[in-house]
Amino acid sequence: MFMSDVLYEKRGHTAIITFNKTADLNALSEDFLQKIGEAVDLVEQDEEVYTLILTGAGKAFIAGADIKEMYEKDADSIMVWSSLGSGLNLRLENLKIPVIAAINGYALGGGLELAMACDIRIASEKAKMGLPEVSLGVICGAGGTQRLPRIVGEAVAKEMIFTGKKVNAEEALSIGLVNRVVPPEKLMDTALELAAAIERNGQIAVGTAKAAINFSGTSDLEEGCLFEREIFSKLFETEDQKIGMGSFLRKEKDFKFKN
Ligand code: CO8
């Protein structure tokens, strides 16, 4: 499906959203944010989609929020606008399925904020990432100050945010900002292989694991373990549990989960 500057495609159980507004390096304007949101609607409405890959066309994943559009804003209008970005990121983070960011190039400001709301980040060797907002006289407005320290730790996050410096793919790997780095021509294949490895498993279990891991970000250990135990036990009401464990016991290798 083609939605002007956002491309939506399905390959088997994998949905791919490609940011395709190359003239301004996929800068996040209000209109563009809305279009990305519409593509995410398609993912949410389709129960046959098990994983989502986000990537960019051209030399950027997303080079940040649209500076031309932001320049004219005041404190009230920017709140409305940045809540669109924050809302999109929270939606991605809370999608029931795993979301993989395949970072092809620049992921800056709002672009890195969006990538950080994804579950797994794979970077091309050409990727450059950073939160340069302070160089524009502002700070992150879509969760960057909250997610970066959770991912890389507070000290590294503070250095990156206070300096606004960009890190390349290898540096990003060394601080845990991305899961792996691959040559540009292998980026999509790697993301698709990862998606396929996830899709072979029980999808209710994968979604439940995502919910449990996300919960760990906002809870203490005791609460988290309690939450895990509750949703772990609910999985014993699913057919997938009987299929997965039964197949192991019968030594069947070639079996499929319910969905
Ligand atoms: N906004 C608007 N236009 C942009 C942006 C942007 N963020 N980034 C690039 N462009 C445009 C350029 O203006 C240029 O347009 P034109 O051809 O009309 O002059 C075109 O894209 C190509 O860019 P360059 O010529 O600059 O390409 P280079 O390869 O020379 O440089 C860079 C690439 C280094 C990525 C450079 O474009 C750059 O520094 N861009 C800005 C990066 C940045 O500062 N991003 C952070 C923005 S602030 C932010 O994201 C705050 C988020 C707050 C909340 C978000 C809610 C959604």
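# Rings, pockets and exposure

Student: Why is the pair of F19 and F61 called edge-to-face?

Tutor: The ring centres of F19 and F61 are 5.4 Å apart and the planes stand at 85 degrees, so the pair is edge-to-face. The distance falls within 6.5 Å and the angle is over 60 degrees.

Student: What kind of model is this, and how are residues numbered?

Tutor: This is a predicted model, in which local features need pLDDT of at least 70 and side-chain atom pairs pLDDT 80 or more, while totals for chains, interfaces and linings use all residues. Residues are numbered from 1 along each chain as its sequence is written, and side-chain values use heavy atoms, with hydrogens and water left out.

Student: Where in the chain do F19 and F61 lie?

Tutor: F19 is in strand 3 (residues 14-19) and F61 is in strand 5 (residues 60-62), 42 residues apart, so the pair links distant parts of the chain. Helices (H or I, at least four residues) and strands (E, at least two) are DSSP runs numbered from the N terminus.

Student: Are F19 and F61 buried or exposed?

Tutor: Both F19 and F61 are buried. The term means under 20% relative accessible area; exposed means over 50%, and partly exposed lies in between (1.4 Å probe, protein chains only).

Student: Which rings form a cluster, and what sits over the ring of F32?

Tutor: Ring pairs join F19, F32 and F61 into a cluster. The charged end of K21 sits over the ring of F32, 4.7 Å from its centre. The rule asks for NZ of Lys or CZ of Arg within 6 Å of the ring centre and within 35 degrees of the ring normal.

Student: What makes F232 and F236 an edge-to-face pair, and how exposed is each?

Tutor: Their rings are 5.1 Å apart centre to centre, with 70 degrees between the planes. F232 has a relative accessible area of 49% and so is partly exposed. F236, at 36%, is partly exposed too.

Student: How do you know that S233 is partly exposed, and what does its side chain reach?

Tutor: S233 has 41% relative accessibility, so it counts as partly exposed. S233 is in helix 10 (residues 221-234), and its side chain reaches the backbone oxygen of E230 at 2.8 Å.

Student: Why is N26 called buried, while D76 and E237 are called exposed?

Tutor: N26 has 0% relative accessibility and therefore counts as buried. D76 is at 61% and E237 at 69%, so these count as exposed. N26 lies in the loop between strand 3 and helix 1 (30-45), D76 is in helix 3, and E237 is in the loop between helix 10 and helix 11.

Student: What is said of phi in N26 and in K251?

Tutor: Phi of N26 is near 60 degrees, a positive value in a residue other than glycine. For K251, phi is near 60 degrees as well. K251 is in the segment after helix 11 (239-249) and, with a relative accessible area of 72%, is exposed.

Student: What makes a space a pocket, and what volume does the largest pocket have?

Tutor: On a 1 Å grid over the protein atoms alone, a pocket is an open set of points where a 1.4 Å probe fits, with protein on both sides within 12 Å along at least five of seven lines; lining residues have an atom within 4 Å of a point. The largest pocket holds about 770 Å³ of space, a volume being the space filled by probe spheres set on the points.

Student: Which residues line the largest pocket?

Tutor: There are 26 lining residues, and E93, D119, K210, I213 and N214 are the closest to the centre. Helix 9 gives the largest share, 7 residues.

Student: How does the lining of the largest pocket divide by class?

Tutor: That lining has 11 nonpolar, 8 polar and 7 charged residues. Ala, Val, Leu, Ile, Met, Phe, Trp, Tyr, Cys and Pro count as nonpolar, Asp, Glu, Lys and Arg as charged, and the others, Gly among them, as polar.

Student: What volume does the second largest pocket have, and what lines it?

Tutor: The second largest pocket holds about 660 Å³ and is lined by 30 residues, with A65, M70, W81, E133 and V138 nearest its centre. Helix 3 supplies the largest share of this lining, 6 residues.

How values were computed. Phe/Tyr/Trp six-rings, centres within 6.5 Å; stacked < 30°, edge-to-face > 60°. Polar contact = N/O pair within 3.5 Å; in protein donor to acceptor, adjacent residues only side chain to side chain.
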